[in-house]
Each structure stands twice: as structure tokens, then as C-alpha cells.
Amino acid sequence: MLVIKNLSKTYANGKIEALKNVNLSIEEGEFTALLGQNGAGKSTLINILAGNVKKSSGTVQIGRYDLDSDELATKRIIGVVPQEVALDTFFTVKEILEIQSGYFGIKNNNQYIDELLEILSLQDKKRASIRGLSGGMRRRLLIAKALVHQPKILILDEPTAGVDVDLRNSMHEFLEKLHQLGITIILTTHYLEEAEKLCKRVIIIDKGRIIKDEPKEELLENY
Ligand code: ADP
Ligand code: ADP
């Protein structure tokens, strides 16, 4: 589903090496955590996959497509949930999802939108304006927004950073449901417990390099 070869990224004219020769392959349906300290390179990796940051070297294959030659096709395969909650408070939940559908040229997906809202426990908020939603609801709406074009891979950047225990637990339930639907999930976190609880595979990034990539049972014994 995702094959990354010799991926490197430098910033500031080569002075900062955010990713150094990263090799990574992720199969369809896997639920993977990218674990690492602040500054390790997690966001850079996600931003490259999402097409928001240009890589310096290496190759990235997403589904059947190469990121360099088929960027638009790769964007359809990936849904990204950003760390920051940025939603236009003028709109309703339904409108946000319809506008997002429009970007992908998708029409008449009411039924799918209803299913998404159901999974994310937002069905009662369909016609509510964003202004009245709690932080937790907004975060869930961001997940729905990332799934509107039915991507095969869902990438979440620190989905539970700064979130209280209850909200974190309900986010975990939603992610489990999405995993059971067959979506390939990659999330970044700096919470070891979160990676431990949710993911079958944990990849540790440190200073731009993958230093561990193991099934979680082995990893946790040695961490
Ligand atoms: P993480 O998401 O794991 O915290 P990042 O990918 O944000 O790590 O950062 C990796 C490294 O790249 C850090 O040293 C960070 O300061 C640097 N970096 C990230 N974005 C930029 C940027 N736009 N310009 C310069 N340096 C950056
Ligand atoms: P509720 O009304 O459902 O209790 P809140 O809006 O109070 O939800 O937020 C629940 C938790 O999520 C709080 O711990 C809050 O700090 C956190 N939170 C809310 N919005 C954000 C945000 N934009 N970024 C990070 N954390 C947030």
C-alpha cells in the first residue's frame, strides 16, 4: 500500500536533516504508529506523504502510484487528519463535508456521509454549526473530513495531543472501528501507551532515522 525508499528531507539549504534515508513499507489494512520525540521527523514524513512538503530525495509509492509522477492520484488514496483544528465556523457539519466532497468531484454521497457521522458519533450534529461544537467534536469532524473521499490510507498527526483521557479513549474506539473497516491507518504520537494500545506495528523515529520497526510485542519488551 505504501513503499518508501531512501527518503531524505533537508530544510534550510541542507543544514537541517529532518529525514535521513528512510525505508518503510506498509501493507494494506495495517495499523501503524510512528513514535518519536518532538523534532524526530514525524510531521515531515506525514507532510511529504500528504503532498504538502517536497522531499529532497528518494521515492514514495502510494498504492499503484508514484508520488512524483501521479501526485493527484496519490492524494485520492490518502486522507490526512492534521494536528491543528482549523474549520470554518460559519458552516454546518454537513456543509463542511459537502464542500470537501466537492474538492474531489464527489456528489450524492449523503448516505456515506451519514455512515461516517454515525461511526464518529456526530449524527445528531449534522445540521449544527461548527461554532457550537466542542473541541472533541471538531476533532472527530476532522476525521470525517479526511475520509469523505473514501481514502484507503488514513494518516493522523498526533490525533490525541492535548486531549483529555475521555476524549482520547473515544478517539481510540473510532480508530478501532475504522481499522476494522479495512482502512490502513498510520498515526504519529509521542505517547508510548497509545501506540501500545492501538497499533500492531510501532515504528520509532529518532533524529530523522527509523531506529526501530517491530511488531509491538517485541518492541515493548525492549523499549
Ligand atoms: P516531529 O513532527 O517529529 O516533531 P518535524 O518533522 O516537525 O518533527 O521536524 C523534524 C526536524 O525538522 C526538526 O529539527 C525541525 O525543527 C525541522 N523542521 C521542520 N519543519 C521545518 C521547516 N519548515 N523549516 C526548517 N526546519 C524544519
Ligand atoms: P467537551 O466539551 O466535549 O468536554 P472540550 O472542547 O472541552 O470537549 O475538549 C475536550 C478536550 O479536548 C480538552 O482536554 C481540551 O483541552 C481538548 N481540546 C479541545 N480542543 C482542542 C484543540 N483544538 N487542540 C487540542 N486539544 C483540544
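Let me start with ligand 2, which has V85, S134, G135, R139, A161, G162, D164 and L167 around it, a residue counting as near if one of its heavy atoms lies within 4 Å. This is a predicted model, where local features need pLDDT of at least 70 and side-chain atom pairs 80 or more, while totals for chains, interfaces and linings use all residues. Residues are numbered from 1 along each chain as its sequence is written, chains are lettered from A and ligands numbered from 1 in written order, and side-chain values use heavy atoms, without hydrogens or water.

Now the polar contacts, meaning pairs of N or O atoms within 3.5 Å. A side-chain N or O atom of R139 is 3.0 Å from a nitrogen atom of ligand 2. For S134, a polar side-chain atom lies 3.2 Å from a ligand oxygen. D164 uses a polar backbone atom, 3.3 Å from an oxygen atom of ligand 2. The protein buries 47% of the 550 Å² that ligand 2 exposes alone, by Shrake-Rupley with a 1.4 Å probe.

Next, the cavity. On a 1 Å grid over the protein atoms alone, a cavity is a set of points where a 1.4 Å probe fits but cannot get out, and lining residues have an atom within 4 Å of a point. The whole structure has one cavity of 30 Å³ or more. The largest cavity holds about 70 Å³, a volume being the space filled by probe spheres set on the points.

Its lining includes V85, R139, L142, I143 and M171. Helix α5 (135-147) and strand β7 (153-157) each supply at least two lining residues, with α5 giving the most, three; both are DSSP runs, helices being H or I of at least four residues and strands E of at least two.

Technical notes. 1 Å grid on protein atoms, 1.4 Å probe; cavity = no way out; pocket = protein on both sides within 12 Å on 5 of 7 lines; lining within 4 Å. Polar contact = N/O pair within 3.5 Å; in protein donor to acceptor, adjacent residues only side chain to side chain.
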